[in-house]
Amino acid sequence: MAKREARMISLGYGKFVKADRVYALVPIESGERGDGRRTYVHVDGLSDPIVASRSERAILADVEAALTEAAGVPRRSRRSATREQENLF
């Protein structure tokens, strides 16, 4: 199956990066937060991290979905994952 290029993901407030360029997400401590500052996003090719207004969990979910999509792996629905877990016990 042909591999596609990873799509852009939103960091909030009009900031976007390619999903395959993100290599680290660091939550901003509560004392440093403010004015939409939630997460430092380290991007390959940039020396300083980008300040994102979205949480690291939300960004990570988008990165995972974009990379899975680019690899051509079919998406699993939450229901099927839940059913598989129920069959374990």
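These are my notebook entries on a predicted model.

**Entry 1: the helix.** I began with helix α1, which has 16 residues and runs through residues 56-71. I compared its length with expectation: at 1.5 Å a residue it should span 22 Å, and its end C-alpha atoms are 22 Å apart, so the two agree. I then looked up what follows α1 and found Gly72, whose phi is positive, near 85°.

Entry 2: Which residues of α1 are buried? I noted Ile59, Val63, Ala66 and Ala70. They cover an arc of only 70° around the axis, and therefore lie on the same side of α1. On the face turned away from that buried side I found the exposed residues Arg57 and Glu64. I also recorded the packing partners of the buried residues, which are β1 (8-12), β3 (22-27), β4 (39-43) and β5 (50-52).

**Entry 3: the core.** I turned to the largest nonpolar core, which has 14 residues. Those with the most contacts inside it are Ile9, Leu11, Val17, Val22, Val41 and Ile59. At least two residues come from each of β1, β4, β5 and α1, and α1 gives the most, with 4 residues. I listed the contacts of Ile9, leaving aside neighbours within four places in sequence; among them are Val17, Val22, Ile59, Val63 and Ala66.

**Entry 4: a loop residue.** I located Asp35 in the loop between β3 and β4. Is Asp35 buried or exposed? Its relative accessibility is 83%, and exposed means over 50%, so Asp35 counts as exposed. Finally, I looked up Asp35 and Ser53, which are 18 residues apart along the chain; their C-alpha atoms are separated by 8.4 Å.

How values were computed:
Residues are numbered from 1 along each chain as its sequence is written. This is a predicted model: local features need pLDDT of at least 70, side-chain atom pairs count only at pLDDT 80 or more; totals for chains, interfaces and linings use all residues. Side-chain values use heavy atoms; hydrogens and water are left out. The expected span of a helix is 1.5 Å times one less than its number of residues. Buried means under 20% relative accessible area, exposed over 50%, partly exposed in between (1.4 Å probe, protein chains only). The arc is that of the directions from the helix axis to the C-beta atoms. Contact means heavy atoms within 4.5 Å. A nonpolar core is a set of buried Ala, Val, Leu, Ile, Met, Phe, Trp, Tyr and Cys residues joined through side-chain atoms within 4.5 Å.
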